[in-house]
Amino acid sequence: MTETLLWLPWIAGTAIGAYMLLQYWLTNTPLGCSSVFGNVCARTGSNLSYFQGENFAQKTDWRIWFALGTPIGGLIAALTSPGPWLASLSMGSLYDQMLPANTLLKALWLFVGGLLIGFGARAAGGCTSGHTILGVSLLNRASIVASACFFVAAVITVQTMALFSGMQA
Amino acid sequence: MRHPVVFLLLGALFGFVLSRAGATDPQIVAQLFLFQNVHLLWVILVAVIVGGIGTQVMKRRQIAALGETSPIQFEGKPWTKGLVVGALLFGVGWGLTGVCPGTATTMIGEGKFFVLFTLVGVLAGTWLNGWWRSRKGG
């Protein structure tokens with residue numbers, strides 16, 4: 001797996017908070033990363049009323065451009081790190097220990113996890129960007145509850161995975 | 001400034017920052033949930049403090065977005081019926097895969113291609129939610 005350079009937590013946190021403000025100031029749009037998948041559903045021919053509604057109207061297609069930009073940022077971050085850029089299916093030693101070693105089973109596992117992320121983000125109205133970074137910044141009640149639920153469920157899930165894979169959690 | 005190129009550049013900047021924060025490393029994410037390394041917790045905490053102070057200042061000074069006249073409206077997301085269950089499902093998925101929607105697309109650029117399986121799942125899960133809503137008549 002590509003090893004990327006890390007900033008100190010407070011520098012990285014400041015950068016993320018400042019980024020959110022910059023996006024607002026430049027474009028008057030809220031930070032968010034999960035709605036774009038609804039826009040993709042709408043533009044790839046889904047006739048479901050939810051995707052044809054106002055939430056995913058064409059004027060919100062800027063999300064698609066934003067999402068397309070993120071891997072460019074990831075690539076630049078990787079190429080400006082000391083180590084080499086590596087294409088790999090490894091997720092680092094912890095996940096590689098906890099997930100099935102069989103590639104097909106691992107792919108299925110990751111797909112199911114993705115299903116939960118996609119379904120859950122739409123049911124909750126946002127993800128770790130829109131709810132946890134932006135929503136909690138605004139001290140919005142729904143976002144604080146959603147973020148607490150994200151963390152509690154993730155902690156229980158990973159602790160359970162560690163337990164079943166015989167790791168010392 | 002809602003030009004596609006602006007959003008492409010903003011996406012690149014956000015992806016770069018997420019990577020430098022360690023958010024795109026599933027190892028660091030797993031360590032957070034196992035309470036072995038709270039690096040990401042500090043990142044999120046500082047981001048929320050900076051974001052909280054920043055949005056308050058921008059609200060009070062009635063700052064308008066570049067090229068616009070009316071002040072930015074910082075609207076919180078509404079409370080919905082499925083919020084708690086949805087957020088819990090999201091958390092399970094986050095734990096199972098070590099990625100969230102923003103880091104997932106970023107990781108493609110880092111060569112972390114396992115994330116492609118998750119991304120197909122996220123798209124399918126999003127569609128499934130739309131289908132679920134239409135089934136219930138919403």
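Colleague: Which helix gives the most to the lining of the second largest pocket?
Modeller: H4(A), with four residues (a helix is a DSSP run of H or I, at least four residues, numbered from the N terminus). This is a predicted model: local features need pLDDT of at least 70, side-chain atom pairs need 80 or more, and totals for chains, interfaces and linings use all residues. Residues count from 1 along each chain as written, chains are lettered from A and ligands numbered from 1 in written order, and side-chain values use heavy atoms, without hydrogens and water.

Colleague: What's a pocket here?
Modeller: An open set of points on a 1 Å grid over the protein atoms alone, with protein on both sides within 12 Å along at least five of seven lines; lining residues have an atom within 4 Å of a point.

Colleague: Which residues line the second one?
Modeller: Among them are Val36(A), Ile64(A), Thr105(B) and Leu119(B). H2 (36-43) and H4 of chain A, with H5 and H6 of chain B, each give two or more. The lining has 10 nonpolar residues, one polar and no charged.

Colleague: And the largest pocket, how many residues line that?
Modeller: 49. Ser35(A), Asn55(A), Arg63(A), Gly125(A) and Lys77(B) lie nearest its centre. By class, the lining has 20 nonpolar, 19 polar and 10 charged residues.

Colleague: New topic. How many residues does each chain bring to the contact?
Modeller: Chain B brings 106 and chain A brings 117 (heavy atoms within 4.5 Å).

Colleague: How many salt bridges across that interface?
Modeller: The rule finds zero (a Lys or Arg side-chain nitrogen within 4 Å of an Asp or Glu carboxyl oxygen). H6(B) gives the most, with 18 residues.

Key:
On a 1 Å grid over the protein atoms alone, a cavity is a set of points where a 1.4 Å probe fits but cannot get out, and a pocket is an open set with protein on both sides within 12 Å along at least five of seven lines; lining residues have an atom within 4 Å of a point. Ala, Val, Leu, Ile, Met, Phe, Trp, Tyr, Cys and Pro count as nonpolar, Asp, Glu, Lys and Arg as charged, and the others, Gly among them, as polar.
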